[in-house]
Amino acid sequence: MAEHLDQSFEDSAMNSEEKRKINREQRTQIIAFAFMIGLTILAFLAVGAEGLPPIFTTPFILLLAFVQLILQLYYFMHLKDKDHGWPNSFMISGLVLAAPMIVALIMLLGVVKY
Amino acid sequence: MADSVDVSKGLPANPEKATLDGKNKFLGMFVFLAGETTMFATFFGTYLGLRSGTADGPVAADIFQLPLVFIMTMILLTSSLTSVLATFAMKKNQFGKLKFWMWMTFLLGATFLGLEIYEFVEYYEHGLGYTTSAFASSFYTLVGLHGAHVLFGLGWILLLLLRNRKAGITLTNAPKFYAFSLYWHFIDVVWVFIFTVVYLMGIGG
């Protein structure tokens, strides 16, 4: 069996149903990518446009970044797929640890206005 | 284990997770990325804490240029799409397409890195040295760490492509290409937060 591991294959074992599914998935990914480009342009416009107050732009672009984070993790990195329970729990615990770290560092390093 | 993979009909539908080795690489990559998340969080926190300490040096709004950052962002986002297309080609046993999209990823990543080096040189000439201010050092450390990750990823994919240039898609190299693609998406996620938190908030936030 081990000799198969370094052997390439003539065709794919996917049946037509699986092939259709993977093509649909690929279309979904391209749509997700288009969304991400749109969100990026929106974020740059929000900052590039004169006259918008920072009190609006800062939360707005942070929100757009979080939407992009979700799109990347769940579509491009496939976290939405069924067999991704452990990856999900690892990534979520990473983010749960990261949030207080950021807050603590901002406060420790002398941002006094909050 | 590997012995239970049915390869009689051709490449399994999910070649990156068909063997125990592949499953381990897949899960191990996510453990690593979760660790990377926390590491980048410390660098982001440091930058956010220190970004107002400019010590009479240049401030963010003086030196950052939106058009350049926008171009870099588009290049890196597109490289994320090309690496996802590569993994789809891998699942469909299209080795030529896999190589093509991975080379595209490599080229886009290299362009990105070149622009980042150009950007740093430009900032240095505008008086923002590494030790100019707390803002400068935290900025260069955070963005430079991301750049180092891009450089590492470029070396990774270059080695994979060169070593497997004639191998076809096998159950050994499929998990490796897939792990690289996960890593590359993660780099992209980090960049999304860098362009938001560092550049956009530096200019307008």
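## Close-up views of a predicted two-chain model

**View 1. Chain B and its UniProt-listed spans.** An unreviewed UniProt entry lists residues 26-48, 68-88, 100-118, 138-162 and 182-202 of chain B under "transmembrane region". Keep in mind that what you see here is a predicted model. Take two of those spans: residues 100-118 of chain B are 100% helix and 0% strand, and their end C-alpha atoms sit 27 Å apart. Residues 138-162 of chain B are also 100% helix, with 0% strand. Here the end C-alpha atoms are 36 Å apart.

**View 2. Chain B as a whole.** Read from the N terminus, its elements go α-α-α-α-α-α. The C-alpha trace of chain B covers about 70 × 30 × 25 Å along its principal axes. Of the 205 residues in chain B, 62% are buried. How many of the contacts in chain B between residues at least 6 apart in sequence join residues at least 24 apart? The share is 80%.

**View 3. Helix 2 of chain A and what it packs against.** This helix takes in residues 54-76 of chain A. At 1.5 Å a residue, its 23 residues should span 33 Å, and the end C-alpha atoms are 31 Å apart, so the two values agree. Its buried residues include A:Thr57, A:Ile61, A:Leu64, A:Gln68, A:Leu71, A:Gln72 and A:Phe76. Residues three or four places apart on an α-helix point the same way, because each turn takes 3.6 residues. What do the buried residues of helix 2 of chain A pack against? Within chain A, the partners are helix 1 (16-48) and helix 3 (85-108).

View 4. A:His78 follows helix 2 of chain A and has a positive phi, near 65°. You'll find A:His78 in the loop between helix 2 and helix 3 of chain A. Is A:His78 buried or exposed? With a relative accessible area of 2%, A:His78 is buried. Leaving out neighbours within four places in sequence, A:His78 is in contact with A:Glu25, A:Gln29, A:Leu73 and A:His84, plus B:Phe88 and B:Tyr178 from chain B.

**View 5. Two loop residues of chain B with positive phi.** B:Asp56 isn't a glycine, yet its phi is positive, near 65°. B:Asp56 sits in the loop between helix 1 (20-50) and helix 2 (60-63) of chain B. Its relative accessible area is 84%, so B:Asp56 is exposed. B:Asn93, also not a glycine, has a positive phi near 60°. Look for B:Asn93 in the loop between helix 3 and helix 4 (95-125) of chain B. B:Asn93 has 14% relative accessibility, so B:Asn93 counts as buried.

**View 6. The second largest pocket.** This pocket has a volume of about 480 Å³. It is lined by 16 residues, and the closest to its centre are A:Lys21, A:Glu25, A:Asp81, B:Asn14 and B:Lys91. Which helix gives the most to the lining of the second largest pocket? That's helix 1 of chain A, with six residues. Helix 1 of chain A and helix 3 of chain B each supply at least two residues of the lining. By type, the lining of the second largest pocket splits into nine charged, four nonpolar and three polar residues.

Note on methods: Residues numbered from 1 in each chain as written. Chains lettered and ligands numbered in written order. Predicted model: local features only at pLDDT ≥ 70, side-chain atom pairs only at ≥ 80, totals over all residues. Heavy atoms only, no water. UniProt positions renumbered as here; feature names shortened; annotations may be inferred. Helix = DSSP H or I, 4+ residues; strand = E, 2+ residues; numbered from the N terminus. Expected span 1.5 Å × (residues − 1). Buried < 20%, exposed > 50% of the residue type's maximum accessible area, 1.4 Å probe, protein only. Contact = heavy atoms within 4.5 Å. 1 Å grid on protein atoms, 1.4 Å probe; cavity = no way out; pocket = protein on both sides within 12 Å on 5 of 7 lines; lining within 4 Å. Points joined across faces, edges and corners; volume = space filled by probe spheres on them. Nonpolar A, V, L, I, M, F, W, Y, C, P; charged D, E, K, R; others polar.
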